[in-house]
Amino acid sequence: PCYIYRQKFIFFDAEDFSCGVRRLSFFMVEPRLQVSPEVQAALTEGLPVVALESTIITHGMPWPDNLSTALEVENVVRASGAIPATIAIIKGVPHIGMQREELEHIARKGTAVQKVSRRDLPVVMAKQLDGATTVSATAALAALAGIHVFVTGGIGGVHRGGEVTMDVSADLTELGRTPIAVVCAGAKSILDIPRTLEVLETRGVAVASYGTDDFPAFFTPHSGCRSPARVDSPAEAAAMLKSIQQLGLGSGILVAVPIPREQAAEGEEVEAAIRTALQEAGSQGIKGNEVTPFLLERVRTLTGGRSLDANIKLVKNNARIGSAIARQYAAQLR
Ligand code: PSU
Ligand code: MN
């Protein structure tokens with residue numbers, strides 16, 4: 001087993017000897033996280049911190065909107081009374097909180113930066129590569145740093161046809177084993193939303209939609225699926241997070257915030273583009289972890305950039321609500 005004790009990993013290793021005596025040996029490994037001074041200070045003082053992912057920067061949006069959005073979202077978090085911690089890997093080192101130059105570096109490189117889910121963490125670290133963390137890798141690293149609230153746009157899920165291809169995002173598995181609240185706008189309709197909700201249930205993830213009984217589908221407030229639960233305030237979401245801790249469940253919470261009403265019309269247009277992009281992906285044989293970036297890029301082109309506009313506004317809205325949840329959570333722990 002591995003315990004994290006004062007930020008050090010301690011591995012216990014029991015060995016059997018012929019005389020029947022069990023010797024307990026242990027060795028320590030320093031965690032390899034670079035936490036920015038601002039984030040470290042906030043964590044030490046118990047101030048609200050909000051984690052932000054980086055695949056949305058490199059693979060989810062084009063340069064230079066990706067950089068401006070990343071910086072603006074950080075500012076929304078600050079304006080909402082929390083400290084942003086954007087997470088990415090720079091030359092093999094997981095960074096919790098990024099300097100502006102580091103953000104610009106990965107934003108410029110865009111899709112040339114490797115997309116890193118949990119499985120890819122050891123690879124990019126050992127090879128000392130840059131990496132953009134998905135929801136799964138970001139959640140794992142955030143939790144390791146002691147961050148309990150994480151804001152993004154949309155999460156990965158079960159892909160359409162996933163019952164055959166088994167293309168099920170590692171985001172779902174991660175949510176099941178990481179005590180963190182992920183605030184998003186639901187899952188895009190490029191995915192199989194009913195099956196995504198089924199897998200979240202299997203993994204033990206509490207799914208609560210914010211101010212609605214419908215599970216939202218990113219560009220539209222309605223997925224056609226009833227949300228397993230609902231929360232109507234940041235305090236309520238924070239109370240769920242605290243309950244997870246009180247029981248030591250070790251699992252996460254998905255808070256799904258519907259797209260703001262002002263953007264919902266744009267959202268309907270995007271939905272039509274998604275249907276087209278899905279057909280193209282099928283006929284061009286796009287597979288694996290290239291499916292999501294392909295669909296997002298096609299939808300952006302087909303809507304003449306209007307999907308990007310809606311996307312940016314919705315992430316900022318999530319950032320406001322996520323920051324409020326982080327503040328409530330910090331207050332409840334006092
Ligand atoms: N969905 C979006 N925008 C995104 C992603 C998903 O609407 O940017 C990114 C996130 O980083 C998410 C990842 O964690 O894609 C999921 O990829 P995959 O399906 O390969 O697990
Ligand atoms: Mn996948």
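The secondary structure of the protein comes to 13 helices and 14 strands, where helices (H or I, at least four residues) and strands (E, at least two) are DSSP runs numbered from the N terminus. This is a predicted model, in which local features need pLDDT of at least 70 and side-chain atom pairs count only at pLDDT 80 or more, while totals for chains, interfaces and linings use all residues. Residues are numbered from 1 along each chain as its sequence is written.

Of the 334 residues of the protein, 48% count as buried, a term that requires 20 or more other C-beta atoms, placed from the backbone, within 10 Å of the residue's own. The C-alpha atoms fill a box of roughly 70 × 45 × 40 Å, taken along the principal axes.

Helix H3 has 15 residues and reaches 20 Å from its first C-alpha to its last, close to the 21 Å expected at 1.5 Å a residue, the expected span being 1.5 Å times one less than the number of residues. The buried residues of H3 are Asn66, Thr69, Ala70, Val73, Glu74, Val76 and Val77. They cover an arc of only 155 degrees around the axis, which puts them on the same side of H3; the arc is that of the directions from the helix axis to the C-beta atoms. The elements that cover these buried residues include the following.

| Element | Residues |
|---|---|
| Strand E5 | 49-52 |
| Helix H2 | 55-58 |
| Strand E6 | 83-90 |
| Helix H4 | 100-109 |
| Helix H13 | 306-333 |

Ala277, found in helix H11 (residues 264-284), is buried, with 23 other C-beta atoms within 10 Å.

Definitions and conventions:
Chains lettered and ligands numbered in written order. Buried ≥ 20, exposed ≤ 12 C-beta atoms within 10 Å, placed from the backbone. Contact = placed C-beta atoms within 7 Å.
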